[in-house]
Amino acid sequence: MALDELYQEIILDHYKHPRNRGEVDNADVVISSDNPFCGDRLRLTLKIDDGVITCARFEGQGCAISQASASLMSERIEGIAVPQALDLTEQVLRMIRGEGVADVLENDELSALKGVSAFPTRIKCASLAWNALKKALNPTNKKSRL
Ligand code: ZN
């Protein structure tokens, strides 16, 4: 199977069978984002305990790439610390923009998003979830937990 086909399969699989769809109970972070150029919409909820993302869920609608990207992301960020997630986010956004693939992404399912960089109109679709995560992990968006 050609690599391009494999990437396509991963994206279609996540689109048709999204992982972690839904909403986190008592979410620490709730963020909505949209991409008006394509009509993609996303709502991301996260549970964060002691600086670690313990649960990530998303709801949304839109094209296959936007939804698959969110599904891939939700699967990948569970169980990792916030700074790590922000690091990963920067690396994925760079890859999507065609600015290079970090070693850590080489053998990762996330590399299925690499091909998007060849399609400028799709870059916003693939980036939507990651830009939302970046916003979500900004400390000012975190609900105070007194
Ligand atoms: Zn889209």
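Q: Are Asp40 and Cys63 buried or exposed?
A: Burial is read from relative accessible area, where buried means under 20%, exposed over 50%, and partly exposed in between, with a 1.4 Å probe and protein chains only. Asp40 is buried, and Cys63 is buried as well. The model is a predicted one, in which local features need pLDDT of at least 70 and side-chain atom pairs count only at pLDDT 80 or more, while totals for chains, interfaces and linings use all residues. Residues are numbered from 1 along each chain as its sequence is written, and side-chain values use heavy atoms, with hydrogens and water left out.

Q: Which protein donors does the zinc ion have?
A: Donors are N, O and S atoms within 2.8 Å of the metal (3.2 Å for Na, K and Ca), and since water is not among the atoms, sites may look incomplete. Here the zinc ion has Cys38 (SG), Asp40 (OD), Asp40 (OD), Cys63 (SG) and Cys125 (SG) as protein donors, lying 2.1 to 2.7 Å from it. Along the sequence, the donor residues follow the spacing C-x1-D-x22-C-x61-C. Asp40, in strand β2, and Cys63, in the loop between β3 and α2, are 23 residues apart and link distant parts of the chain.

Q: How many disulfides does a search of the whole structure find?
A: A disulfide is a covalent bond between the sulfur atoms of two cysteines. With the criterion of a pair of cysteine sulfur atoms within 2.5 Å, the search of the whole structure finds zero. As for accessibility, Cys38 is partly exposed at a relative accessible area of 33%, whereas Cys55 counts as buried at 18%.

Q: In what order do the three strands form the sheet?
A: Helices (H or I, at least four residues) and strands (E, at least two) are DSSP runs numbered from the N terminus, and two strands pair if DSSP finds at least two bridges between them. The open sheet has the order β1-β2-β3 with antiparallel pairing. Because β1 (29–35) and β3 (52–61) each have a single partner strand, they stand at the edges, with one side of each left without a neighbour in the sheet. Nine bridges join β2 (residues 40–49) to β3, and Arg41 has Gln61 as its bridge partner in β3.

Q: Which residues does Ser66 touch, not counting those up to four places away in sequence?
A: Contact means heavy atoms within 4.5 Å. Ser66, found in helix α2, touches Asp40 and Cys125, and at 0% relative accessibility Ser66 counts as buried.
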